[in-house]
Amino acid sequence: MSRVYMKGNEAIVEGALRAGLEGFFGYPITPSSEIIEGLAERFFADRERERRGEKPMYPKFRVFLQMESELASINAVMGGASVGCRVMTASSSPGISLKQEGISYIAACELPCVIINIMRGGPGLGSIQPEQGDYFQAVKGGGHGDYKLIVFAPNSVQEMAEHTMLLFNLTDKYRTPGMLLADGYLGQMKESMEFPDVPIEEYEKPWAATGMGDRETQNTIEFLFLTPEPMVEAKTRLLQKYKQIEANEVRYEDYKIDDAKILVTAFGTPSRVAKAAVDQAREKGVKVGLIRPITLWPFPYQVYADLTTHQIDRVLVVEMSFGQFVEDVRLGVEGRAEVKLYARYGGIVPTEKEILEKIMELV
Amino acid sequence: MKTEIIIAGFGGQGVLFLGDLIAYCAMKEGKYVTWVPSYGPESRGGTCNCQVICSDQLIGSPAIVHPDVLIVFNQPSLYKFLPRLKTNGTLLYDSFLIKELPAREDIRVVGVPAFQISKMGNMVMMGAFLAVTKGIKPETVYQTLEEKLTGAKAKFIPVNKDAIEKGIKYISDKSLETSNE
């Protein structure tokens, strides 16, 4: 397979179109704007082709709208998902906060869609530099009520495309929204990559609100219960689905852990820096390995539990926020190992040298 | 082998494009590459920079602390990035636009009056970079220009190529002078 050179945000555009994107609704914000920009370009180039009587390149991609706000775009996504289309929105931290009410409604109504968050600095308007401060918002809720999003954390431009494609498959499979949680560096960076081959899975959507057709009753999409019994039933169905996802969809990468005594763990951009630091520490004879969660929900608690039961007694967590990801690592470790945090916040990516120093402090 | 390059200057001087072209050409020659732009509100007039890494192995951090090569097109960028250049690193600077050169004895300094030689100063600097580092073949760059500049843009190939050749020639003339001294 030949190598291509592409920006993270462009890889998401390419991945979404190959996965059969049918509708996109968004509002631009740095550092995610190339996504809406790239999709606009493809969409209107196709309309131009049709005007000339030629075939469109992306016949499935029928709706592109730049909405008036983030609230409008997430609710338009809800509409698109309700009629059974593959739909997506993209934004960055402050914009994702605005979308939370809609995300909660979409999760309640069990509607599949893909939400891209190219994280920037927060809280508030924060900065446009990369941070990972939206971890809790992405994996613990964000909006109100009991719900979960399938959350993927890519660490390369190649995975930006791959995970977008995987999310379209998984969100359709489980009828639930999913989020791609990347940071500004991954969105803005260009990198050499091989375009991933993720087969498109198509799922029947008999629940979609597409009119009466041959149905005996019409399909409605709603989640409002005035008495407890049907609410208990609906929420139990949600809970069972989440348990099924937790059982089947945990993904992580391990690196040099077979004989490791020290474990480094990180996701997204810091994980690739940490991997290079692990190599440098190995050259110094330190037995150190890396765990990188690929899905942040469902979280790979079990691998941390297994590794710290007999093998590893020191864990270094690297993240670009005050310490959010570290809490899930601690839940996996359950006190079986000493957990140290190296937090780099404010828009600075930790360096290989810094992480190496932190590893050496644990030796 | 890993080469880390920081390129900096005013927005509009072609700083990001120069980095992009270096990264793309290095990939064509089989390297792993990353390119990270500064993405603040700096499109025209403000300073901007990009970080390029070319390596035989998969790249860990795409962020550069101490570059091997620093290419600068304005005074503020020189002040900002020169202290970070590695010992024995290479500084390429536009000697037409940058008049004050802070003293550093432990690096290789190459001045090229890029924006005096051509309006396409970034491409002159591309030529100088190719001649000084010898990491990428000029033919790869010319091929890339021909592949990327097609249709209405094809008319820009000769001017870009000419600017690159002028940069290469400037370095070879200069080293001839030095060896004659």
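Author: Gladly! Domain bounds here come from an automatic or database domain assignment. For chain A that assignment gives domain 1 (3-212 + 237-248) and domain 2 (253-362). Please keep in mind that this is a predicted model.

Reader: What separates the centres of domain 1 and domain 2 of chain A, and over which atoms are they taken?

Author: The centres are taken over C-alpha atoms, and 28 Å separate them. The two domains do touch, with 26 residues from domain 1 of chain A and 22 residues from domain 2 of chain A in the contact. On the domain 1 side, the elements that each supply at least two residues include strand 7 (178-183) and helix 9 (228-248) of chain A. Helix 6 of chain A gives the largest share of that side, 4 residues.

Reader: What makes a residue on that side of domain 1 of chain A count as nonpolar, polar or charged?

Author: The residue type decides: Asp, Glu, Lys and Arg are charged, for example, while Gly is among the polar ones. Sorted like this, the domain 1 side that touches domain 2 of chain A has 15 nonpolar, 7 polar and 4 charged residues.

Reader: Why is helix 5 of chain A called largely enclosed?

Author: A residue is buried if 20 or more other C-beta atoms lie within 10 Å of its own. In helix 5 (residues 100-108) of chain A, 7 of the 9 residues are buried, so the helix is largely enclosed by the rest of the structure. Among them are Gly102(A), Tyr105(A) and Ala108(A). The buried residues of helix 5 pack against helix 3 (70-82) and strand 5 (114-119) of chain A. Just after helix 5, Glu110(A) takes a positive phi of about 55 degrees.

Reader: What makes strand 3 and strand 12 of chain A the edge strands of the sheet?

Author: The sheet is open, with 7 strands in the order 3-2-4-5-7-6-12 and mixed pairing. Strand 3 (63-66) and strand 12 (295-297) of chain A each pair on one side only, and they are the edge strands. From one strand to the next, the twist averages 20 degrees.

Reader: How do you know that strand 5 and strand 7 of chain A pair?

Author: Two strands pair if DSSP finds at least two bridges between them. Strand 5 and strand 7 of chain A have 6 bridges, in the parallel sense, and so they meet that cut-off.

Reader: Why is strand 1 of chain B called largely enclosed?

Author: Of the 9 residues of strand 1 (residues 2-10) of chain B, 7 are buried, so the rest of the structure largely encloses the strand. Strand 1 of chain B runs antiparallel to strand 3 (residues 47-55) of chain B, joined by 9 bridges, and pairs in the parallel sense with strand 4 (residues 69-72) of chain B over 4 bridges.

Note on methods:
Residues are numbered from 1 along each chain as its sequence is written. Chains are lettered from A and ligands numbered from 1 in the order in which they are written. This is a predicted model: local features need pLDDT of at least 70, side-chain atom pairs count only at pLDDT 80 or more; totals for chains, interfaces and linings use all residues. A residue is buried if 20 or more other C-beta atoms lie within 10 Å of its own, exposed if 12 or fewer, and partly exposed in between; C-beta atoms are placed from the backbone. Two residues are in contact if their C-beta atoms, placed from the backbone, lie within 7 Å. Axes are lines fitted to C-alpha atoms, for helices over the stretch in contact, and angles run from 0 to 180 degrees between N-to-C directions.
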